[in-house]
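Please keep the sequence and the 3D view beside you as you read.

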Amino acid sequence: MNAIGKLRGALAVIGIIYILIPLIAVIPASFTKASYPSFPPEGFSFQWYTKILERPEFIDAFMNSLQFAVLAALFAVIFGTLGALAIAKYDIPGKSAITSFLTAPLSVPQLVLGIALLIYFTPLMLAGTSIGFLISHIIICIPYVIRLVLTGLSGFDYNLEKAGAILGANPWTVFWKITLPLIRPAIISGGLFAFLTSFDNVTVSLFMISPETRTLPIEIFSTMQDAYNPIVASVSSVVIFISVILIVILEKIHGVGKVFGGGHH
Amino acid sequence: MEAARAQNHQKRVAPKEQPPQQEKRAKKRKPWAPGLLLLTSILLFLFGFFVVPMLYILYLSFISTDNLSGEGASYSLSNYITLFTDSYYLNSLWVTVKISLLSSLVALVLGYPIALTMAKASAKIRALITLLIASPLLVSIVVRNFGWYLLLLPNGTVNTLLMDLGLISKPMNLLFSEVGVIIGLSNAYLPFMVLAIVTSLYNIDPSLEKASAILGASPLRNFLSITLPLSLPGIVSGCVLVFSLSMSAYVTPALMGGANVPVMPVVVYDQINNLLQWTFGSALSYVLLGTTLLSVFLFTRGFEKSKFKEVFR
């Protein structure tokens, strides 16, 4: 029994290392002294980080990524929270069908969604514009917000709202002073998730970009396709760093695994 | 409007024959019109920018010319006929299915022990493993692929290590090959496999294993006759998930396989973005979707009809 337990544990460790190893390799490689990134690295230096500053395309792309991700998350949170509130609070006919519809963009391959939007946006003059880019990202972010806010509302005690109303608060005050504070953690995790979903996206973005709307993952993607450039290691480490900070916050508020485990079907 | 709502209300209540008390409560339910108002913005948004575009390219896939202005455009199946008679596209479809199947298999073999360990571990260890395996999903796929570049290039970690150990004399082509794509895809989607299996392992009644152990079954027998069959629903849904995600993945095959591994998503991307063959590209998109759904249906159906059908209830 013990031998089997050990074997199981050892195989699990191998599996976990397999999941993490590409990310583990990137960070040390970015500190290499050599002109060529390798894992394990040769020596130690910050040269590939200072070199990022000499590449304005990466800085611009980073700023674009940040702006799009913030805006996409904001709109997804507004749409998603209103939608989730409506589903959770009111007895709307066809509730489960509506919920499936709102999370449907998750089930359509991003490649196909990107193609559909590019073709649809072109006659509308939205292809290659910031607005088109933003719309595409809001669509892929909405399902996560819906899912997280619905989870947050599942344990919600509507008597608190009633109590507020009985004590004379108008519906607006009830919403701001009672409903919103109680579901704030769910909204924040939904927003952070949406931010990361947009910030990381490559596939949909590939169909939405123009020279003005290139984002950081797109810049990394095209640099990798052209040549094996060591600067990708340091830029990637910056992306990992940002992701780790948000993951820590998300884990504190909600639990990262729950979002993906909570029924991808 | 009022009548329609009343009718709707009756439809919902009638078949269940609820006791009078509950009916009274149902009548006191809040009106749902304000809820619909809250939903309007998101429903309109998704209808306009998700449903209509998806239907639009379905329509385009049946147009036989690229002249989208309408002149000379005619309905036909020519895009689909070209696709299914040209060996290039059929081969691409086959390569895509093969790579997706192998990626699911690798993810299953590597993921099952992790799920099993999570199911047996304390809550603390379980939370830690969940965090470790789910976090990479929140880091951009290009970054994970770059990590594989470091490890798998001819002068990368793996080849250097194997050559230093004297196991190989010249570097292996791990990247820009089907092996590279399978490594990339199985790595990217392994967390989904683990989370799917773990869910079904949690649902197994622990007293079953205890009972069989008391009756003298060895741990191996226990695993093969109880744990494994009862976790089949998790295995199936994990495989379905990894398979469908792999079928439509573009970034990983493009970076880890390149031109050497022309999977469907890479072919579709080329048609749309480089050759601007929008109607043909639309048809390819829907064939990719259809193939994925059909494979998933056949696979799930096969298991539900097998001798294990009871566990899928």
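## Where the chains meet

Between chain A and chain B there are six residue pairs in polar contact, with both residues at pLDDT 80 or more. A polar contact here is a pair of N or O atoms within 3.5 Å; within protein, one must be able to donate a hydrogen and the other to accept it, and residues adjacent in sequence count only if both atoms are side-chain atoms.

Please note that this is a predicted model, in which local features need pLDDT of at least 70 and side-chain atom pairs count only at pLDDT 80 or more, while totals for chains, interfaces and linings use all residues. Residues are numbered from 1 along each chain as its sequence is written, chains are lettered from A and ligands numbered from 1 in the order in which they are written, and side-chain values use heavy atoms, with hydrogens and water left out.

How many residues does the contact take from chain A and from chain B? Chain A gives 88 residues and chain B gives 86 residues, where contact means heavy atoms within 4.5 Å. The two chains bury about 7700 Å² between them, and 83% of this lies on carbon and sulfur atoms. Buried area is the accessible area (1.4 Å probe) that two parts lose on being put together, summed over both. On the chain A side, A:Tyr18, A:Ile19 and A:Met224 lose the most area to chain B, together 10% of what that side buries.

Which residue types make up the side of chain A that touches chain B? That side divides into 68 nonpolar, 15 polar and five charged residues. In this sorting, Ala, Val, Leu, Ile, Met, Phe, Trp, Tyr, Cys and Pro count as nonpolar, Asp, Glu, Lys and Arg as charged, and the others, Gly among them, as polar.

## Salt bridges

A salt bridge is a side-chain nitrogen of Lys or Arg within 4 Å of a carboxyl oxygen of Asp or Glu.

| Pair | N to O distance |
|---|---|
| A:Arg55 and A:Glu57 | 2.8 Å |
| A:Arg214 and A:Glu219 | 3.0 Å |
| B:Lys98 and B:Glu178 | 3.2 Å |
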